[in-house]
Amino acid sequence: MNTSKRNRIQIASTVDPELWQCFKGLSEKTKIPASRLLDEAVEDLLLKYKLIEKKTKTP
């Protein structure tokens with residue numbers, strides 16, 4: 001078992017191809033791993049819908 005994925009879960013989903021290309025481009029341009037960008041996006045969405053009160057996982 002790979003222990004480098006501590007405190008992480010693996011998910012699978014589908015996304016709009018144009019959004020994915022932009023997202024991957026952002027990851028490459030910023031050198032920020034896609035998983036970290038996804039964490040930030042999910043956290044922002046949870047804030048928007050008031051499911052969390054403040055950011056605690058991403059800057």
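This is a predicted model: local features need pLDDT of at least 70, side-chain atom pairs count only at pLDDT 80 or more; totals for chains, interfaces and linings use all residues.
Aspartate 44 belongs to helix H2 and lysine 55 to the segment after H2, so the pair ties together parts that are 11 residues apart in sequence. Aspartate 44 is also partly exposed, with a relative accessible area of 34%. Lysine 55 has a further side-chain partner: a polar contact of 3.5 Å joins it to threonine 58.

Threonine 58 likewise lies in the segment after H2. Its relative accessible area is 11%, so threonine 58 counts as buried, the limit being under 20%. The side chain of threonine 58 makes a polar contact with the side chain of glutamate 43, at 2.5 Å. Beyond its neighbours within four places in sequence, threonine 58 is in contact with Asp39, Glu40 and Glu43. Of these residues, Glu43 is listed among the buried residues of H2. Asp39 is partly exposed, with a relative accessible area of 33%.

The structure holds 2 salt bridges. One of them joins the side chains of aspartate 39 and arginine 8, at 2.7 Å from N to O. Aspartate 39 lies in helix H2 and arginine 8 in the segment before H1, so this pair ties together parts that are 31 residues apart in sequence. Arginine 8 is partly exposed, with a relative accessible area of 42%.

Helix H1 covers residues 17-30. Its 14 residues reach 20 Å from the first C-alpha to the last, close to the 20 Å expected at 1.5 Å a residue. The N-terminal end of H1 is capped by aspartate 16. A side-chain oxygen of aspartate 16 lies 2.9 Å from the backbone nitrogen of glutamate 18. After H1 comes lysine 31, with a positive phi near 65°. Lysine 31 has this positive phi although it is not a glycine. The residue sits in the loop between H1 and H2. Lysine 31 is exposed, because its relative accessible area is 72% and the exposed class begins over 50%.

Serine 27 is placed in helix H1. At 11% relative accessibility, serine 27 counts as buried. The side chain of serine 27 reaches the backbone oxygen of isoleucine 32 at 2.6 Å. Residues up to four places away in sequence aside, serine 27 touches Ile32, Pro33, Ala34 and Leu37. Ala34 and Leu37 are among the buried residues of H2.

Helix H2 spans residues 34-48. The buried residues in H2 are Ala34, Leu37 and Glu43. These buried residues pack against H1. Just after H2, lysine 50 takes a positive phi of about 55°. Lysine 50 is not a glycine. Its place is in the segment after H2. Lysine 50 is exposed, with a relative accessible area of 70%.

Leucine 45 is located in helix H2. At 47% relative accessibility, leucine 45 counts as partly exposed.

Notes. Residues are numbered from 1 along each chain as its sequence is written. Side-chain values use heavy atoms; hydrogens and water are left out. Helices (H or I, at least four residues) and strands (E, at least two) are DSSP runs, numbered from the N terminus. Buried means under 20% relative accessible area, exposed over 50%, partly exposed in between (1.4 Å probe, protein chains only). The expected span of a helix is 1.5 Å times one less than its number of residues. A polar contact is a pair of N or O atoms within 3.5 Å; within protein, one must be able to donate a hydrogen and the other to accept it, and residues adjacent in sequence count only if both atoms are side-chain atoms. A salt bridge is a side-chain nitrogen of Lys or Arg within 4 Å of a carboxyl oxygen of Asp or Glu. Contact means heavy atoms within 4.5 Å.
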